Structures are given as structure tokens and as C-alpha cells.
Amino acid sequence: MSPEAPVQIVLACSQCGRTFAQSDLVQIAGDLVCADCKPAFLSRMMASGAAGASPLAWRYGGFWIRFGARFIDGLIFMVPILIFAALLIPNMIRAGRQAGNPASAPNPAFAAFGVIFFFLAFFLAGGCYEILMLKYRSATLGKMACGLKVIRSDGRTLSWGVCFGRFFMWNVVTSGIPYINTVLMLVSGIMLGVDDEKRALHDRVCDTRVIYKQGVA
């Protein structure tokens, strides 16, 4: 009995649609491209402003540099929030006490409203900060301090939808849901660490890449 021939995987080029053996295709920024389409594909990406270089030359930001950028953003954003909370919360507690009886406990409904209002204001302020910075600077202040920027997989700058989606995926889905966030943040960190393009969970969903502004791999 003759040995069976190995099964050959056949895939389609994302540009021309022709099928090739997997070994005849190259992956560029998540797209499989054949040898015939590769030069034109790279030319289009460079012409669209893809960080002044082809995706093959990008140097991706890894786990620790991105953690440092998040830490810096936290410091920049949390300091004014804590000052605001230190000034606002005592005044709200005093205002919530029953008139004429300073020793009484704060009104529970008023206190609950104050806490909800504070967290909503904190969330909206964080959303405006991150979305606007990504849209107009392609990076938050923390990423700028670490020499990073966020782009699409084809090198384009971010649209409003992508900026919002990236904020929502990280701050609500990945890290904002109690108990589930522990698992999702761990999974996202592992993805970032093992992926060739250093994509976290929100990068995969929003088709973004975090790269260094200067230097190539």
C-alpha cells in the first residue's frame, strides 16, 4: 500500500482572490497576499500614510511598555479625579444631612445619587480623554510618553468608531465587568505576549496595532 500524500492547505489571496498553497502566501498586517499582489499592496499601504513604512518594518509595543503607558495615563487622569472627589464628596455628605440636625446620618437616596453621579462623570471623562486623544493624536498621553501610537492594521489613522470601540472593549468589556474582568484581562495579556504583532483582545476586535513612532524591527 502506497503512503498517503500529505494534505496541502490551499488559501485565497486577499487581493486577487486566487488560491495558492499556504507556503506561497505572505501575511501582511493580518492579510494573506500572494507574490504577484505584494508590491502593489505595500505601495497602497505606504501611499495611505502607513507610518512612513511597510507593516513589515513596524516595531510593535509589547506588554511592559504598554503597561507603563497605562500606568502613566492612570496617574495623569486619577490625580485630578481624586482632588475633585476630595472636594466634592464631603460637601455632598454635608448637603445630604437632614436640615437642622447636623448629627443625623446622610440621606441614603441622596448619597446613592452622589456616588452614581461621580462614577458616571468619571467614566464619561475617561471616555472623552481616551477617544479624543486617539482620534487626534493616535495615542494617549501615556502612550506618547512611551513613544507609542495606535494605528489600523493597514496603517491608517483611527476613525471615530474605532476609537470608541477600542475604549469600550478595554474599559467596559475587558476590565469593567466584575469577576469576568479577571479572566478577560489575563487572556488579553497572554494574547499580547504570544502574538507576533502584540495584539491584545481589544486590538483583535478593533483591528488595531500599537507601534513605536520611531524605529523599525
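This is a predicted model: local features need pLDDT of at least 70, side-chain atom pairs count only at pLDDT 80 or more; totals for chains, interfaces and linings use all residues.
Residues are numbered from 1 along each chain as its sequence is written. Local features need pLDDT of at least 70, side-chain atom pairs count only at pLDDT 80 or more, totals for chains, interfaces and linings use all residues, and side-chain values use heavy atoms, with hydrogens and water left out.

Select residues 148-152, strand β5. Strands (E, at least two residues) and helices (H or I, at least four) are DSSP runs, numbered from the N terminus. Four of the five residues in β5 are buried, meaning under 20% relative accessible area; exposed means over 50%, and partly exposed lies in between (1.4 Å probe, protein chains only).

Two strands pair if DSSP finds at least two bridges between them. L148 has Y212 of β6 opposite.

Next, go to D207, in the loop between α7 (201-206) and β6. Its phi is near 55°, positive although the residue is not glycine. D207 counts as partly exposed because its relative accessibility is 27%.

Y179 sits in the loop between α5 (160-174) and α6 (180-194). Phi is near 70° here, again a positive value in a residue other than glycine. With 74% relative accessibility, Y179 is exposed.

Finally, select L75 in helix α2 (residues 63-96). L75 has a relative accessible area of 47%, so it is partly exposed.
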